[in-house]
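Hi there,

Here is the structure I promised to pass on. Have a look at it first, and my notes follow below.

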Amino acid sequence: MHVFVDANRDHLQRAGEELDYALGHLADALSLTGSDQRDRLARARTHLRGAIETTR
């Protein structure tokens, strides 16, 4: 049982890290314009997808 709980905790921790990165990129995008903003939004989207995939 402990192995299962530890495995779940690892997945949730990784998902949380991905969400933290996404949030940072989204916050940065608020103060940027043009291609820099698009780049940050794309990076945020990548991390959001990573968080979703990690939880599957």
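A residue is called buried under 20% relative accessible area, exposed over 50%, and partly exposed in between. Asp 39 is at 34% relative accessibility, so Asp 39 counts as partly exposed. Please keep in mind that this is a predicted model.

Let me start with the salt bridges, which come to three in total. Asp 39 is in one of them, where its side chain meets that of Arg 43 at 3.2 Å, N to O. Asp 39 and Arg 43 are separated by about one helical turn, because they are four residues apart in helix α2. Arg 43 has a relative accessible area of 40% and is therefore partly exposed.

A second salt bridge joins the side chains of Arg 40 and Asp 28, with an N to O distance of 2.9 Å. This pair links distant parts of the chain, as Arg 40 is in helix α2 and Asp 28 is in helix α1, twelve residues apart. Both ends are partly exposed: Arg 40 has a relative accessible area of 25%, and Asp 28 is at 34%.

In the remaining bridge, Arg 56 pairs with Glu 53, and their closest N and O atoms are 3.4 Å apart. Arg 56 counts as exposed, because its relative accessibility is 72%.

Now for a residue that touches some of these partners. Setting aside residues up to four places away in sequence, His 25 touches Arg 40, Arg 43, Ala 44 and His 47.

The other thing I wanted to show you is on the surface. Leu 19, Leu 26, Leu 41 and Leu 48 make up a nonpolar patch there, and together they have about 300 Å² of accessible area. Helices α1 (2-30) and α2 (34-54) each supply at least two residues of the patch.

Beyond its neighbours within four places in sequence, Leu 48 is in contact with Leu 19 and Ala 22. Leu 48 and Leu 23 are 25 residues apart along the chain, and their C-alpha atoms are separated by 8.9 Å.

Best wishes

Notes. Residues numbered from 1 in each chain as written. Predicted model: local features only at pLDDT ≥ 70, side-chain atom pairs only at ≥ 80, totals over all residues. Heavy atoms only, no water. Patch = residues over 30% accessible without salt bridge, like charges linked within 9 Å, V, L, I, M, F, W, Y side chains within 5 Å. Areas by Shrake-Rupley, 256 points an atom, 1.4 Å probe, with all protein chains shown as cover. Salt bridge = Lys/Arg side-chain N within 4 Å of Asp/Glu carboxyl O. Contact = heavy atoms within 4.5 Å. Buried < 20%, exposed > 50% of the residue type's maximum accessible area, 1.4 Å probe, protein only.
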